[in-house]
Amino acid sequence: MSQEILAIIGIFLVTVLLAIPLGRYLAIIYRGDRSWSDFMGPVERGIFRLSGINPEREMTWQQHLVALLTINLGWFFWAMLILCTQGSLPLNPDHNPSMSVDQAFNTAISFLVNCNLQHYSGESGATYLSQLGCLMFLQFVTAATGMAACVVVFNALREGTHDKLGNFYSYFVKSITRVLMPLSLIVALVVAFQGSPMTFQAKMPVVTVQGDSAVVSRGPAAAMIGIKQMGTNGGGYFGVNSAHPLENPTAFSNAVEDFSILLIPIAMALAFGYYLRRPRLGWMVFGVMTAGYLLLQVPTVYLEMHGNPAITRMGVDQHLGSLEGKEMRLGAPASALWAIQTTVTSNGSVNAMHDSLTPISGMNALLGMMTNAFYGGVGVGFLNFFVFIIVAVFISGLMVGRTPELLGKKVEAREMKIAVIVALLHPLLILAGTALSAHLFAGDPKEYAGWLNNPGYHGFSEMLYEFSSASANNGSGFEGLGDNTPWWNISTGIVLLLARYLPIIGPVAIAGLLARKKYIPESAGTLKLDTATFGVMVFFVIWIIAALAFFPALALGPLAEHFSLY
Amino acid sequence: MATQQSLFQPALVGEAIKQAFVKLDPRKMFRNPVMFTVEIGTVVMLIVTLGLLVKPDATQGGFGYNFTVFFVLFLTLLFANFAEAIAEARGKAQAESLRKTREETPARKVDAAGAITSVSSSQLTKGDFFLVEAGEIIPTDGEIVEGLATIDESAITGESAPVIRESGGDKSSVTGGTKVLSDRIKVVVTTAPGESFLDKMIALVEGASRQKTPNEIALTILLAGFTLVFVIVCVTLAPFAKYSNTPIAVASFIALFVCLIPTTIGGLLSAIGIAGMDRALRANVITKSGKAVETAGDIDVLLLDKTGTITIGNRKATHFWPAPGVQLQEFVQGAVLSSLTDETPEGKSIIELARDNKVDPQALQPQLAGAELIKFTAETRSSGVTLAGGTRLRKGAADAIRRLSEAAGHAYPPEVAERVAAVASNGGTPLVLSENDRVLGVVELQDIIKPGIQERFERLRKMGIKTVMVTGDNPLTAKFIAEKSGVDDFIAEAKPEDKMQYIRAEQQSGKLVAMMGDGTNDAPALAQADVGVAMNSGTQAAKEAGNMVDLDNDPTKLIEIVEIGKQLLMTRGTLTTFSIANDVAKYFAIVPALFMVAIPGLRALNVMGLHSPQSAILSAVIFNALIIPALVPLALRGVSYTPIGASALLRRNLLVYGLGGVVVPFIGIKLIDLLVGVFV
């Protein structure tokens, strides 16, 4: 087996091995048990005293959602303020201008929803202050928002009948002080030592090997790289993200950044089991997610390592794999690994251009975002998965001859209604958005010629990818799409907002409703969720609901492209 | 074949076919969102097809093809309606046959003054009194206010042995259509015409008052969700196709849509629910709502009366234990003499046991000539005979006989006392026999546990159901029988309040409880229980309180009811899984058919190697239509339930209906395509 393959298997295994203790640790801190990180206690208390919040006050699910949405709204105004005035604020040695209102709006929304779809380039479009004080800030708090919402669901699913589900702010602050901060700090230090800049000095003039003089953008990049990976944010410091040599300087930094993508999402899945003191449950979720992930990952690595037949026909040697759009120093397997990990997790950072993936790899990246539950974003990945659990519990509960119940709570019409709405939303946003775009383009190809670099099947994939990325809050792009136009800014903006908040509100509401119900103790006739059989059921529910709905669209995009190439 | 025949009786099929057309009324179809969308699609296809007659359009395909698609969709609707109609027809026929027995019987109405007028049964209203005598048919449901009668209830229960009903107590209820065999009773009418349980049941089956159960509603929401997903898929496909320059005919759109939405379960859903109630009715249980059947599947705790459920009716003599110095033969003869005139089951069982001990009861009969019978009283707690010669034979409770014997100056043998204790601790009841106040020995009476009951409890345990025995016995006896029969718990010396308390306690911990009862004092517990089954012989109050009535008065019926409930839910679950799993194959039939002319590369997706785009689409819709009637028998009969544990059950059903649901349509569509390919 080639060294490269061993390396990517190694990265994945290390991630899983470290996610296990992290999952236990997450369960401990969210339950409020004693842990080594209790030294952060005074800091947290200080924060709560300053903000006048009582972290002991238990909240109902509605109160949780009100708290969540309120602070999100506050951040939105904060982001708008900074981005619109950054040009005249300090820490702007390169004298970059303020953003226009519409661009600021797009950027603020996109970072607020943990998506980080970037219609600006960090080197010229942002300042050191806005990078740190606005964008990096949002990367921390939005990741923590997802994690806190997820913990509300964990809490709601514990045994017994409950109305109060813990304190949102407590979950939220702990997610930052005890998880995101320490982990991001480690990654930031590693990439800084590997060569990423961490400075407040202005652009550096350099003389290139050919003797040309140039200026190289720099700034406090290392700090942002840690959280952008750890918090499944994906918004890079530099325009081309982790394909930029200063954002991802070495093979080691690549491995560490790659590892950071999956770490918390996997740990969250396991934490579900540890939190409820039923570890097998966490392993069931992890198992299903991993099966789905590998189903996308393995063929992608294979295809990227085997090159593009069209290029082979041109007589180009491709024994290193398909290298178009990839960093030579990282190679095909590492890029393929990243491409799938970043799309299954709603991270969206890239170390290669997804536009240049072979069609089936591109389809797998698309499917990662379409299913959006194979690991998924920090916290929100589990929330998406939870909706599929509800549907699977409903059908399989019936199949064992009982009215369906989830962990001792009956799943009834109301929960089903919410689950169905959330499950429907994602295909609706992606397909309707793509359909409108396709309709506009097909109606007047000349008018919209600027949209698609490659009309035809690939152009279709580009549009499909853009909406999948927006709806999955992923933020990566199938570059090649001219997306800085009013149509794309507005349509994806709407999709971003809907696709972020409804899939948080829905699962929290379901869990809150379930928590209030009578608890039915388990018996021999009860469907067990922590079994491989139920895992298989969830797996098929995800594929049939989430993936099959896209089959016709995929047939017209990547599949058509594939069969015309191969 | 026997079941097949009974599933589709020609008369019922005719009625169902007629109803299948009547149900096409959109106002009726609207209740079922999945099939309603199919109806809309069918209408659109009809318009397109007719339009082609007026103005042929090459992009839409030929008239024949479009008409065929329309026709198959129309059949799909009819099949789905037929499934519901046949389930209704069966339920109705069953209920109707019960109701027939009670129509238009002459009745002798008694007015307040005591005057008797002859009226028709349909003229009797609630609160009226009527008289019935031996040989007459009871005109309507009621409660005996005066008298006692033996009644033949075989018309409704199929049980030929007559039953005794009397005023007061828990056996005062009579059912219309049954026949009085002896005596004369005065009955008060308890139900208004058209409001008896059977009338309610028929209304339930006919759909007039059929409410969707909570689980049906939730499932309908899920199915509506699936339908909406495919609305989105199909609507967005139009601009996609426009972009790709692959025009799609209306027929193909509608075919894709109809095939993808869960028509199989959508078409069978209400049939499954009706069939569940119908299966209960076949078991001679009238359910007051579909929800009760559903809840039965969820039961966690089953309260069962000992007598009749766990044990056979009454105690039986199982052993003669003579006192020291008494010959077995002498003892047995004494026992027989004291029991020959004893009509109680215990007394009869002593005679039977004597035969096994080679004593001929018939031969002893003459000795009873001129004997005086001593009845059992609560005071003496014994009974017996005083023979013509003055010999006093008494049998009764140990302490009563002991007192008798000791009062007469006889010593009470310690061996007898030991034997009495031994029998009691064995779960038996000791009966001591004395002759002229001298103790002859002990007759051991035992509860006889019904054969096979242990296996049934084992089965229930595997279902996750806890069984609780309710008995008036003392805790010692109760514990013994509980252990022997394998019930999980028992309530000894049970009073009606105890039942109620037990049910409340179990419900507090979140469990669902089922019980069966007949007496008025059971009514609160029946109402409290999640599934309360009242015996038909029980009081009106009990029947009102419960949510099911068992016409057979068979206490083991609860177990059957639980299984019917589970079957109902499982049938819903498995057919949903099957229906959704079918989509995989249908996608692979239709998607390549849509695009492979414009994008030849996509021919590779035609994994089934279907003949042509048109044949592929036709095969998919034909398969989609045919699978509904093919599954009607399963929907009506229900998926068989085996208690093998939830996970194993899920594994089995997932394998059969999930994997089967993926594989079967691949084969089915290919086969249909081979056939269709000949014509297209």
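Here's a short walk through chain B of a predicted model, stop by stop.

**Stop one: the annotated spans.** Start by colouring the stretches that UniProt, in an unreviewed entry, labels "transmembrane region": residues 33–53, 65–83, 217–241, 247–272, 587–605, 617–636 and 656–679 of chain B.

**Stop two: two of those spans.** Select 617–636 of chain B and you'll see 100% helix and 0% strand, with the end C-alpha atoms 30 Å apart. Now jump to 587–605 of chain B. Here the span is 47% helix and 0% strand, and its end C-alpha atoms lie 10 Å apart.

**Stop three: a greasy patch.** Show the surface and pick Leu46(B), Leu50(B), Leu53(B), Val54(B), Phe63(B), Phe67(B) and Phe71(B). Together they make a nonpolar surface patch with about 670 Å² of accessible area. Helices H4 (33–54) and H5 (63–100) of chain B each bring at least two residues to the patch, and H4(B) gives the most, with four. Zoom in on Leu53(B), which sits in helix H4 of chain B. Is Leu53(B) buried or exposed? Its relative accessible area is 54%, so Leu53(B) counts as exposed, the cut-off being over 50%.

**Stop four: helix H8.** Select residues 214–243 of chain B. This helix has 30 residues and reaches 44 Å from first C-alpha to last, close to the 44 Å expected at 1.5 Å a residue. Most of H8(B) is covered, with 22 of its 30 residues buried. Where does H8(B) bend? Look at Leu237(B), where the bend is about 30°; Pro239(B) follows within four residues.

Conventions. Residues are numbered from 1 along each chain as its sequence is written. Chains are lettered from A and ligands numbered from 1 in the order in which they are written. This is a predicted model: local features need pLDDT of at least 70, side-chain atom pairs count only at pLDDT 80 or more; totals for chains, interfaces and linings use all residues. Side-chain values use heavy atoms; hydrogens and water are left out. UniProt positions are given in the numbering used here, feature names are shortened, and annotations may be inferred rather than shown by experiment. Patches are made of residues with over 30% relative accessible area and no salt bridge: like charges are joined within 9 Å, nonpolar side chains (Val, Leu, Ile, Met, Phe, Trp, Tyr) within 5 Å. Accessible areas come from the Shrake-Rupley method with a 1.4 Å probe; for residues, only the protein chains shown count as cover. A salt bridge is a side-chain nitrogen of Lys or Arg within 4 Å of a carboxyl oxygen of Asp or Glu. Buried means under 20% relative accessible area, exposed over 50%, partly exposed in between (1.4 Å probe, protein chains only). The expected span of a helix is 1.5 Å times one less than its number of residues. The bend at a residue is the angle between axes fitted to the seven residues ending there and the seven starting there.
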